[in-house]
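Q: I have a model open and would like to walk through it. Can you take my questions as they come?

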Amino acid sequence: MPDTFHPLDPLTAAEFTKVAELLAAAHGVGDGWRYTSVEMIEPAKVEVAAFDATGTAPDRRALATLLDTSNNRTYKSVVSLTDELVLSWDHIPGVQPNFTVDEWEEADEVLRKNPEVIAALAKRGITDMDLVFMDTWTYGDVVMPEKYKDRRLGWTDTWVRAAEGANPYAGPVNGFHCVIDMNTMELLEIEDTFTVDRPEMMGEYVPQHIPERIRKASTREPLQPLNITQPEGVSFTLEGNLLKWQNWSLRVGFNYREGMTLHAVSYNDNGNVRSVANRMSFAEMMVPYRDHCTDHYRRTAFDIGEWGIGFMTTSLELGCDCLGEIRYLDAVLHNSKGEPYTIKNAICIHEEDNAVLWKHVDHHAGAEVRRMRRLTVSFHVTVANYEYLTYWRFYQDGNIECEVRATGIMVVSNFPEGQAHPHGTLVDNRTYAPYHQHFLVARLDLDVDGTENTVYASETEIEPMGPDNPYGLSLRQRNTPLRTEAEGKQDMNFQTQRAWKVVNDNVRNGIGTAPAYKLVPGGAFPAMFDPNSPVLARCRAIEHTVWVTPNSPDERWPAGEFVTQSKEDTGLPMWTEANRSIENTDVVLWYVFGIHHITRPEDWPIMPVDTVNFWLKPVGFFDRNPSIDVAPTPPKACHTSSNCEEG
């Protein structure tokens, strides 16, 4: 192994290959096995600190999760890449690991060649199998038939394109689903429950497939070019995975399950390098479709736990996904044989202008204005019909913004003339898109000026009208420390504008108050499930907006490590039963947010981005506005000097 690794650097192609070689030699892993995941075991904070201080590298290890398809058994193995040894090999009974992209592709190919599928579709008038697409979902365990309980099950949607290259999701084959054993690729049954005559639809978005009458009806004038250039180069530095910009420093990681991860986030405060966050990522994404009808009641996706958004990360292209002077990071992952492959340009890093940072016009002295520049680190994921675009943005005033944009193509169903569609919106001729929700769980391991922090619920309250408040005008801020995990289960409260501060009570800033970073919530909404719902039982993490737990390397997945075909949430609800102390310790803040998608005709045939975000804002972390030293924009950068502040 090269000796230039930082302990937080992602696994390399050579390391993936080494893991496969060691497990083949030690345990005969080969034909009939799948590597469902291989990821680096991240070293403890103290080990990283020791490396940064002395250069002493911790043992570099990988965790491999494997599936023996011949007997449907799951194994976990820890491999030392430093010593080239297999350190552990354990069978994990009664669980299913994540599905792989290889399985998804194989299932589509196998089913489209299956004589029973071909015959059943022919009865519906579908004979060109090149236009058919079998989209495999994990079966879940909400209604798992007893006869299949010991199998690894896939359940397929079936779609048919109008022509080669056309949108498959505009051609639902309603009432037709296949159940398949994903280990043997054996068709177990065809659920052929009802048929709907296909209505005339306009579900195309690629220009050559959009009908000419619609193209000709467009009155939109073309845009003039908008060029974003930095002739003197970018203002950030990227050395390996270490990124620095405008007092910020962080490391960019990547793995199969979470996709991009951010580590060791710090801010150089006039020579004092201060920690803000140890690690930030998305730990789960649950997407339940809120329609109990035959085509949709099994449709609950755990895109992170069941599949892994790292595996579904797509390459980014200059001028399309990112704009400006860009630097990219590639990502290295593996297929189900353990063989490495590279996602080129998986992560985009660039600067953006964002209008005014601060401004004041003095009656005598005139205007002082500073434009806002932000550093954006992003990656994009394609999850079958949906795209999720994730942006972490770092600002000169110490703010951190996380933004998620959802786009892509909605799932739709056709229905007979005159039939109701109470659980979705009419988006085309006899076509509805079911209501659904996108729940994201962010795992925020903040270290505000150190690892010992306390989370406070921060709320605004009305001071009662009386002698001390004669006009009913005054407001007060109430900050309540959360001392146990039970207290750390928190919900959004619009009436009090509740937010959550991660505070270091052990130190003081220059004006005598404790430094903090505040989670300013956005996109939070209630679960809206009956408490007895078997769907909710699989992810009770969504029952609260915020959870706070003591940091543990074994507690990473809020709905449990193995959610494929799960019955109940073995993550946050189970961990927090112990009601551990969360006061003045190394804590993790889990934030549940997302998109409550009440579908619209304007979302069809392709959805304009729906945007949600949250902020991490310094509160007393600095003594004053930390961006007061930002230099003014040179007048030559504007058409006229009076336009410099416009955004």
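Q: Which strands each supply at least two residues to the lining of the largest cavity?
A: This is a predicted model. The strands are β1 (33-41), β11 (248-255), β12 (259-269) and β15 (326-334).

Q: What volume does the largest cavity have?
A: About 130 Å³.

Q: And which residues are closest to its centre?
A: Pro10, Leu11, Met40, Phe254 and Asn255, out of 16 residues that line the largest cavity.

Q: What is the lining by class?
A: The lining of the largest cavity has 10 nonpolar residues, 4 polar and 2 charged.

Q: How many cavities of 30 Å³ or more are there in the whole structure?
A: The search finds 5.

Q: Switching to aromatics. How many aromatic pairs does the structure hold?
A: There are 25 aromatic pairs. One of them is Phe133 with Tyr169, an edge-to-face pair with 5.9 Å from centre to centre and 85 degrees between the planes.

Q: Where do Phe133 and Tyr169 sit in the chain?
A: Phe133 is in strand β5 (residues 132-138), and Tyr169 is in the loop between β6 (153-160) and β7 (176-181). They are 36 residues apart, and the pair links distant parts of the chain.

Q: Are Phe133 and Tyr169 buried or exposed?
A: Both Phe133 and Tyr169 are buried.

Q: Why is the pair of Trp575 and Trp590 called tilted?
A: Because the planes of the Trp575 and Trp590 rings are at 45 degrees, with the centres 5.7 Å apart. The edge-to-face class needs planes over 60 degrees apart, and the stacked class needs them under 30.

Q: Which elements does that pair tie together?
A: Trp575 lies in helix α8 (residues 572-575) and Trp590 in strand β29 (residues 587-597), so the pair connects parts that are 15 residues apart in sequence.

Q: Why do those two count as buried?
A: The cut-off for buried is under 20% relative accessible area. Trp575 is buried because its relative accessibility is 14%, and Trp590 is buried because its value is 0%.

Q: Which residues do ring pairs link into a cluster?
A: Trp248, Tyr267, Phe394, Tyr517, Phe621 and Phe622.

Q: Which rings have an arginine over them?
A: Trp137 is one of them, with the charged end of Arg299 over its ring at 5.1 Å from the centre. Tyr391 is another, with Arg405 over its face at 5.6 Å from the ring centre.

Q: Now backbone. Which residues does the cis peptide bond join?
A: Trp604 and Pro605, with omega at about 5 degrees. Pro605 is in the loop between β29 and β30 (607-619). In general, most peptide bonds are trans.

Q: What is phi for Asn247, and where is that residue?
A: Phi of Asn247 is near 80 degrees, a positive value in a residue other than glycine. Asn247 is in the loop between β10 (242-245) and β11. With a relative accessible area of 35%, Asn247 is partly exposed.

Q: And Asn345? What is phi there?
A: Near 55 degrees, again a positive value in a residue other than glycine. Asn345 lies in strand β16 (residues 340-362), and its relative accessible area of 23% makes Asn345 partly exposed. As background, most residues other than glycine have a negative phi.

Q: What does UniProt list for residues 97-194?
A: The unreviewed UniProt entry lists "domain: Copper amine oxidase N3-terminal" there. In the model, residues 97-194 are 21% helix and 29% strand, with the end C-alpha atoms 33 Å apart.

Q: And residues 12-88? What feature does UniProt place there?
A: The feature is "domain: AGAO-like N2", also from an unreviewed entry. Over residues 12-88 the chain is 32% helix and 38% strand, and 21 Å separates the end C-alpha atoms.

Q: Two glycines to finish. Where is Gly175, and is Gly175 buried or exposed?
A: Gly175 is in the loop between β6 and β7, and at 0% relative accessibility Gly175 is buried. Gly175 and Phe194 are 19 residues apart in sequence, with their C-alpha atoms 4.8 Å apart in space.

Q: Where is Gly472?
A: In the loop between β24 (454-462) and β25 (475-481). Gly472 is partly exposed, at 39% relative accessibility. The C-alpha atoms of Gly472 and Thr100 are separated by 60 Å, and these residues are 372 residues apart along the chain.

Key:
Residues are numbered from 1 along each chain as its sequence is written. This is a predicted model: local features need pLDDT of at least 70, side-chain atom pairs count only at pLDDT 80 or more; totals for chains, interfaces and linings use all residues. Side-chain values use heavy atoms; hydrogens and water are left out. On a 1 Å grid over the protein atoms alone, a cavity is a set of points where a 1.4 Å probe fits but cannot get out, and a pocket is an open set with protein on both sides within 12 Å along at least five of seven lines; lining residues have an atom within 4 Å of a point. Grid points are joined across faces, edges and corners, and a volume is the space filled by probe spheres set on the points. Helices (H or I, at least four residues) and strands (E, at least two) are DSSP runs, numbered from the N terminus. Ala, Val, Leu, Ile, Met, Phe, Trp, Tyr, Cys and Pro count as nonpolar, Asp, Glu, Lys and Arg as charged, and the others, Gly among them, as polar. UniProt positions are given in the numbering used here, feature names are shortened, and annotations may be inferred rather than shown by experiment. Rings of Phe, Tyr and Trp (its six-membered ring) pair if their centres lie within 6.5 Å; planes under 30 degrees apart count as stacked, over 60 as edge-to-face and the rest as tilted. Buried means under 20% relative accessible area, exposed over 50%, partly exposed in between (1.4 Å probe, protein chains only). A charge sits over a ring if NZ of Lys or CZ of Arg is within 6 Å of the ring centre and within 35 degrees of the ring normal.
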